[in-house]
Amino acid sequence: MKPIVVEITRQQIKTDVTPFKVGDGVRVHTKVKEGDKERVQVFSGIVISRKGRGIAETFTVRRISYGEGVERVFPIHAPTIAKVEVDRVAVTQKARLYYLRKRIGKQATTVKERRLLEAAGAIDATSSTEAGLAAAEAKAAAAVKAEADAAAKKAKAEAAK
């Protein structure tokens, strides 16, 4: 790109963007201008995709409203976006959650949540998702080994009697 375009876009890119990823439940606060007044309107839902990069980066939020699926595409760096709040942190295996469009009812808004996995002990609350899953697998393997060792020790003690 030309240097002047780079300079203009650098000035317009927000630096205080809340980090979020696909699958997270978010509340997007948008500025709406009605006449000479301005108010903030909230759109909450699940992030089903993130596209683009730099000034052109966008994300799509989907929610169910009165039984109908509603999707909105928001530019991350738009001046009309007041803020993005993350309600629920999810653990997904796909970069795009378009399969949620085919679902009906509660299944249409259900994505594995990080807090549920933390409560179940599947991932560690302080580590990243991948490291937490690896640590959980290692912890489960160690527990199985300890259980097997205890059973072998008990069997050996029974045989000695």
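Glutamate 57 is placed in the loop that runs between strand E2 (37–51) and strand E3 of this predicted model. With a relative accessibility of 18%, glutamate 57 counts as buried, because the cut-off for that class is under 20%. Its side chain is joined to that of arginine 50 by a polar contact of 2.8 Å. Leaving aside residues up to four places away in sequence, glutamate 57 touches Arg50, Lys51 and Gly52, and also Phe74, Pro75, Ile76 and His77.

Glycine 52, one of the residues touched by glutamate 57, lies in the loop between E2 and E3 as well. Glycine 52 has a relative accessibility of 58% and therefore counts as exposed, since that class begins over 50%.

Threonine 15 has its place in the loop between helix H1 (3–12) and E1, and at 81% relative accessibility it is exposed. The C-alpha atom of threonine 15 is 8.9 Å from that of histidine 77, a residue 62 places away along the chain. Tyrosine 66 belongs to the loop connecting strand E3 (58–65) with strand E4 (68–75). Its phi is near 55°, a positive value in a residue other than glycine. Most residues other than glycine have a negative phi. Tyrosine 66 is exposed, its relative accessible area being 85%.

| Residue | Relative accessibility | Class |
|---|---|---|
| Glutamate 57 | 18% | buried |
| Glycine 52 | 58% | exposed |
| Threonine 15 | 81% | exposed |
| Tyrosine 66 | 85% | exposed |

The strand pairing can be described from E1. Strand E1 (residues 25–34) pairs with E2 in the antiparallel sense, over 10 bridges. Within this pairing, glutamate 34 stands opposite lysine 37 in E2. The two strands form a hairpin with two residues between them, and glycine 35 in the turn has a positive phi of about 70°. E1 also runs antiparallel to E5, to which six bridges join it. Here arginine 27 stands opposite glutamate 85 in E5.

Strand E5 also contributes to a pocket. Of the lining of the second largest pocket, strand E5 (residues 81–88) supplies the largest share, four residues. The lining includes Ile81, Ala82, Lys83 and Val84, together with Lys14, Asp16, Val17, Thr18, Phe20, Phe59 and Ile76. Sorted by class, the lining has seven nonpolar, three charged and one polar residue. The space in this pocket amounts to about 150 Å³. Ile76 in this lining is also among the residues that glutamate 57 touches.

At the level of the whole chain, there are three helices and five strands. Along the sequence they follow the pattern α-β-β-β-β-β-α-α. The protein chain has 161 residues, of which 24% count as buried. Of the contacts between residues at least 6 apart in sequence, 49% join residues at least 24 apart.

Technical notes. Residues numbered from 1 in each chain as written. Predicted model: local features only at pLDDT ≥ 70, side-chain atom pairs only at ≥ 80, totals over all residues. Heavy atoms only, no water. 1 Å grid on protein atoms, 1.4 Å probe; cavity = no way out; pocket = protein on both sides within 12 Å on 5 of 7 lines; lining within 4 Å. Points joined across faces, edges and corners; volume = space filled by probe spheres on them. Nonpolar A, V, L, I, M, F, W, Y, C, P; charged D, E, K, R; others polar. Buried < 20%, exposed > 50% of the residue type's maximum accessible area, 1.4 Å probe, protein only. Polar contact = N/O pair within 3.5 Å; in protein donor to acceptor, adjacent residues only side chain to side chain. Contact = heavy atoms within 4.5 Å. Pairing = 2+ DSSP bridges.
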